[in-house]
Amino acid sequence: METENFLKKDKSGVYSKTRTFWRKNFNNIFSRSKIDESFWEDLEESLISSDINVSITMELIDYLRDYSLVESINDPKMIISLIRQKFVSLFKSPTIPLIDADKKIILIIGVNGSGKTTTIAKLSKYITSRGFTLSIAAADTFRAAAKEQIMEWGEKFGYDVFSSSKSSDPSAVVYDAINSAKSKGSDYLLIDTAGRLHTSNNLMEEISKLYRTIQKYSNGYKIFPILIMDGTVGQNGITQAQKFNSIIPCNAVIMTKMDGSSKGGALISISNELDLPVIFIGVGESIDELIEFKPEIFVDNILPNI
Ligand SMILES: Nc1nc2c(ncn2[C@@H]2O[C@H](COP(=O)(O)OP(=O)(O)OP(=O)(O)O)[C@@H](O)[C@H]2O)c(=O)[nH]1
Ligand SMILES: [Mg+2]
């Protein structure tokens, strides 16, 4: 889970799918002998097909065109480093760290099946392995299986899971969970919520109410909402993400299932469009398969190495 492990692991493949896709897509373009009109057209097409959105692509191409004109650059390889800088700058940086001296309530939200419950288990390990104590609130009262899923992880890894057999109102569960976490002195409270579609008004109202409850009774905890997004959905998830973020202003995004996604450009587009940092990526189903996301490392891994 550490950055060093990630670097080691990456050699064997965290970004290998994405890298293979990007290099296949871009190597041919950047190994050309000159910059001409077809170079710009092919570059534009390849960026868009790699899930970089149209407005970012257009802006980037304009910038690169101007730069190569002014600096009289005619070798495609010479602009790779500019793209690198630009890509890295498009990622938003975290304003508040997930882990610091402040106790936090981490509210996990997102659409159905995006990986919320699995990510809670992974984050729990990440946080406790750094010496912090935590409680988990099983506030997905929609599905009985969700509670069981999180209780199983809790039992297996010794996390304190708070759930309620009485209440089907997630706000009530969370209210009790905050008090319980507070009385136990937990440093973190992670809240699992039911998946929902951004178009479901009732369920969006329910999560909004849950958020208001947390704000009202946060009891000394800082609130750190995280949006969980499925990496295989890529850029198509942007509209739903915007809706979630408008109802609950999030601190960060975690992109899951990056092991099954090859385009990768969506990470750049989403971070930029939502104005949110991507702080972790999920790269598998097991508890260790969560990686701190570092834009520089990601970008270095996908751009051609010519
Ligand atoms: N390959 C892969 N699978 C993942 C990853 N994260 C989650 N999954 C799988 O995605 C599926 C859904 O994960 P959950 O954690 O249950 O998703 P959820 O968002 O809690 O789902 P709901 O509560 O139903 O909305 C499960 O089969 C997970 O094992 C990941 O990073 N990589
Ligand atoms: Mg779940």
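Of the 19 residues around ligand 1, the nearest are K116, T117, T118, D259 and E285. A residue is near a molecule or strand if one of its heavy atoms lies within 4 Å of it. The model is predicted: local features need pLDDT of at least 70, side-chain atom pairs count only at pLDDT 80 or more, and totals for chains, interfaces and linings use all residues. Residues are numbered from 1 along each chain as its sequence is written, chains are lettered from A and ligands numbered from 1 in the order in which they are written, and side-chain values use heavy atoms, with hydrogens and water left out.

The shell around ligand 1 holds two nonpolar, ten polar and seven charged residues. Here Ala, Val, Leu, Ile, Met, Phe, Trp, Tyr, Cys and Pro count as nonpolar, Asp, Glu, Lys and Arg as charged, and the others, Gly among them, as polar. Helix α6 (residues 116-128) contributes the most to this shell, with four residues. A side-chain N or O atom of T117 lies 2.8 Å from an oxygen atom of ligand 1. The backbone takes part too. A polar backbone atom of G284 is 3.2 Å from an oxygen atom of the ligand, and for V283 a backbone N or O atom is 3.5 Å from an oxygen atom of ligand 1. Taken alone, ligand 1 exposes 650 Å², of which the protein buries 79% (Shrake-Rupley method, 1.4 Å probe).

Eight strands build an open sheet with mixed pairing, in the order β3-β2-β4-β1-β5-β6-β7-β8. Strands (E, at least two residues) and helices (H or I, at least four) are DSSP runs, numbered from the N terminus. Two strands pair if DSSP finds at least two bridges between them. β3 (160-162) and β8 (290-292) stand at the edges with a single partner strand each, so one side of each lacks a neighbour in the sheet. Strand β2 (residues 134-139) pairs with β3 in the parallel sense, over three bridges. I136 has V161 of β3 as its bridge partner.

Strand β5 (residues 222-230) runs parallel to β6, and five bridges join them. M229 has M255 of β6 as its bridge partner. Five of the five residues of β6 (residues 252-256) are buried, so this strand is largely enclosed by the rest of the structure. Buried means under 20% relative accessible area (1.4 Å probe, protein chains only). In a regular strand the side chains alternate between the two faces of the sheet. In β6, A252, I254 and T256 point one way, V253 and M255 the other way, and all are buried.

Terms used:
Polar contact = N/O pair within 3.5 Å; in protein donor to acceptor, adjacent residues only side chain to side chain. Buried < 20%, exposed > 50% of the residue type's maximum accessible area, 1.4 Å probe, protein only.
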